[in-house]
Amino acid sequence: MTTATAALTSVGRRMGTGAPVYALLALLLVALAVSDPNFYEPDRFLAFVKRAAPLVILAAGQYLVIVCGEFDLSVGAIVTAGVVAAAEFYGSYPDAPWLLVTAGLLAAGAVVGLVNGLITTVLRVPSFIATLGMMLILEGAVFFWTGGSPHGSLPQSFREFGRGTAMGWLPWAVPACVAAGAFAMWLMRSDFGRTLLATGDSERAAALAGVRVARARTLAFVLSGVAAALAAVLVAGFSGVSAQAGRGYEFEAITAVVLGGVLLGGGRGSVVAAMAGAFSLQALFTLLNLQGVSGALESTVQGFIVIAAVGLGAADFSPLRRLLDRRTRPNRRTQPSREETA
């Protein structure tokens, strides 16, 4: 029993704060296999990954912002604005190269993130308010621009990235997720990643240690905006043009990050766990759909997840950890003392 407990404790420590979400994701994938025996057919499973890809990329960007102690509520509006802007642009310039349009969307997402970061760090507006205002600005601009009904269409060359496949079978969304995850992991292992964690853990201590807090947080917002623009390209590919293409994505991204064990307020969490949280959320929605549960309850489910995850994150499990440590600590008195042998 002691050996098994020690092994479980060692595995838990290696997996870190993301251990619960990895277990949840495994459980949900098993439940999907039970509910739909054909779910793991290559086409079906890859379609699931393709649907989850925008949220996974958004979760990676949102993680960078949350881990340094901020929020970004504008990512859903950036997705919507990106889809609509691409459609309107192609309506006027139908022969525009898709790579040029994609680069333009990524640059625009970076600019929106930069504005969010500067408002938060220079003007000292709380990020929750700053990005909420940006969300309303973008949504209002899209509605004013299109009248609620976007015009134009997206050519097949632009939609290929979101709905097409590489080598005839692998959706482009899969290497996009892998690339985003690899970049985020490399970033968090670099000096910049450690700076973000230090900033989220204690802004004052980080500043006293020489960290440029404002620059780190601003760059986190910029990267979040770029991630949202990339998600917009994927959404435009498989969903088409809509004035509500990105609605709700901001809350789903925050839910995924919280589900991944990332501490609200910053300073702790894994980007891989945040992305696993996005896959878990998509798997949960798919399972509810297979069970015939109304999609209108998705927001209710997200609310419960956020409350439960934050509550568990704030709970004090130190007594349980001390108990496990005592049980797994090796017994040093393997030999009798002199008094016992006397």
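Of the 25 residues of α3, 18 are buried, so the rest of the structure largely encloses this helix. Buried here means under 20% relative accessible area, with exposed over 50% and partly exposed in between, using a 1.4 Å probe and protein chains only. This is a predicted model, where local features need pLDDT of at least 70, side-chain atom pairs count only at pLDDT 80 or more, and totals for chains, interfaces and linings use all residues. Residues are numbered from 1 along each chain as its sequence is written, and side-chain values use heavy atoms, leaving out hydrogens and water.

α3 covers residues 42–66 and reaches 34 Å from its first C-alpha to its last, close to the 36 Å expected at 1.5 Å a residue (that is, 1.5 Å times one less than the number of residues). α3 also bends by about 40 degrees at Ala 52, with Pro 54 following within four residues; the bend is the angle between axes fitted to the seven residues ending there and the seven starting there.

Now look at α5, residues 98–121: its end C-alpha atoms are 34 Å apart, which agrees with the span its 24 residues should have. Its buried residues include Val 101, Leu 105, Val 112 and Asn 116, along with Gly 109, Gly 113 and Gly 117. The buried residues of α5 pack against α4 (75–92), α6 (127–146), α7 (156–163) and α11 (213–239), with contact meaning heavy atoms within 4.5 Å.

Zooming out, the protein has 16 helices and two strands, taken as DSSP runs (H or I, at least four residues, for helices; E, at least two, for strands) and numbered from the N terminus. Of its 342 residues, 43% count as buried.
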